[in-house]
Amino acid sequence: MTRPSALRLQHATDRAVALTILERCRAQHRFVQDVVDQVLDLYPLQAEGKRLATHLAYGVLRRKKTLDALLARCVERPRHRVEPWLWNALRIGVYQLGFLSRIPAYAAIHETVGIAQDLGKPRAKGFINAVLRRALTLLGATPLGWAEEWGAATLPVPPEAVPEGHTPPTLAHGVALRLLAQPVFPDPDKEHLAYMASAFSLPRWLLERWSQRMEPSKLTSVVCWSIVSPPVWLRVNSLRTRREDVLDRLQQAGIEVYPGDHPQSVRLASHHPIRTLPGYEAGWFAVQDLSAMYVASALDPRPGWRVLDLCAAPGGKTTHLAELMGNEGLIVACDRDPKRLHKVQQLAQRLGISIVQTHLLAQDQDPPSGPFDGALVDAPCTNTGVLARRPEVRYRLQPHDLQELVPVQTKLLIQAAERLEPRGVLVYSTCSIEPEENEMVVDNVLAALPWLRLEWQRHFDPGMPADGGYVARLQRIQ
């Protein structure tokens, strides 16, 4: 693997590596979750440095609009006259000053200025230093609470939205952790949605959609969850070990962990490089959010079943199905992207799973005919339930995406239903919180297929206590 040509680090520091991640995402139009590990593998950072680089990259992407609003008050030259790498470096600096209470201001400025030296661009040091000192003056110095784990809101937050172990802060108008020396955002009392869009880096049209169907307290919870560093959940591989053994082994290694509501779930109290965790190479676990674990469990597949997984990549739910089946039977894992389908194979191999048969679907090609005992459609969607985990979605998503996705989701659900045995079971899921992609798709398919019935459905609200999404279990009755 070669280093990105746009940036050549002469000295790999955590801030410089964070900038490299951001620049690769920008230049190659890639998602940060697909870039982080590749970049971290290139540079010799210690575990703490990797954690900070990762946190900075994700944090900057989650709060990009907010950071840009602040920088607009601090940068005297026009934006087009600031090189993209330099603007990203400024975002990293302001993010530390405004959102990370554990890093002293002098250290945030000094280390961010050092990025220019790390890149062999020492002439930019003075500019970075001047901008960040203006930003420090703008941000003021009155901490409001909630740092790295949550960011901070400037709106009333209901008790159920407070992360476990945190005390609700006293909130005031301003940005995140500090009171601003001068107004930057629209007045939250007079222009509520405009304020939230700018201060929380969310598209105005999406906030308008949510506000039409959510009570204020729920809207605040969803908005706050979109800017957090979400917890890391592990799904214990029941083919190789028990949850109790994984908890014990991680605790012996000094890693704080807790069991979750799902019987295979383990939550890490803080972020750690996953591949360095005890049991990773042995296939003891896979990384999967808590709410996502309930998708395969909803199908409840039995050993010996034939299962169609219609949108399998990157394989988290596919391999969970195999674990629930005791690695007995057959799972036909379909996808249209050969690179992502290869990830399914890699994950299955690490977890010791042998019943997954990958199937590459060409454009407009129908899935295998079956028949199958069960099917899973984890449909492509807007991802509005996982904005904290996939931060770029908020900037790429457009209103017309909903209209384009619903026919695709409907087609996939019908194709899966048609390939079931009589009495076969089907699960439809998304990581969206939009009704058009969830219960409305299911309702339309049920109206078109009278031999299909809904057994139950469940909505997951973002942050309660994991990612947002939707799951429906259906059965073919003839």
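**Figure 1. Phe185, Tyr195 and Phe200 form one aromatic cluster.** In this predicted model, local features require a pLDDT of at least 70 and side-chain atom pairs count only at pLDDT 80 or more, while totals for chains, interfaces and linings use all residues. Residues are numbered from 1 along each chain as its sequence is written, and side-chain values use heavy atoms, with hydrogens and water left out. Rings of Phe, Tyr and Trp (its six-membered ring) pair if their centres lie within 6.5 Å; planes under 30 degrees apart count as stacked, over 60 as edge-to-face and the rest as tilted. By this rule there are six aromatic pairs.

**Figure 2. Tyr428 and Tyr470 form an edge-to-face aromatic pair.** The ring centres are 6.3 Å apart, with 65° between the planes. Tyr428 belongs to strand E9 (residues 420-430) and Tyr470 to strand E11 (residues 469-476), so the pair ties together parts that are 42 residues apart in sequence. Strands (E, at least two residues) and helices (H or I, at least four) are DSSP runs, numbered from the N terminus. Both Tyr428 and Tyr470 are buried, where buried means under 20% relative accessible area, exposed over 50% and partly exposed in between (1.4 Å probe, protein chains only).

**Figure 3. Helix H4 (residues 64-72) crosses helix H8 (residues 192-199) at roughly 95°.** Their axes come within 6 Å, and the crossing makes H4 roughly perpendicular to H8. Axes are lines fitted to C-alpha atoms, for helices over the stretch in contact, and angles run from 0 to 180 degrees between N-to-C directions. Angles under 35 degrees count as roughly parallel, over 145 as roughly antiparallel, 65 to 115 as roughly perpendicular and the rest as oblique. Lys65, Thr66 and Ala69 of H4 meet Ala197, Ser198 and Ala199 of H8; contact means heavy atoms within 4.5 Å.

**Figure 4. The axes of helix H3 (residues 47-62) and helix H5 (residues 84-99) come within 10 Å.** They cross at roughly 95°, so H3 is roughly perpendicular to H5. H3 contributes His55, Leu56, Gly59 and Val60 to the contact, and H5 contributes Arg91, Ile92, Tyr95 and Gln96.

**Figure 5. Gln96 of helix H5 is buried, at 0% relative accessibility.** The side chains of Gln96 and Arg15 are joined by a polar contact of 2.8 Å. Such a contact is a pair of N or O atoms within 3.5 Å; within protein, one must be able to donate a hydrogen and the other to accept it, and residues adjacent in sequence count only if both atoms are side-chain atoms. Leaving aside residues up to four places away in sequence, Gln96 touches Arg15, Leu56, Ile103, Ala108 and Thr112.
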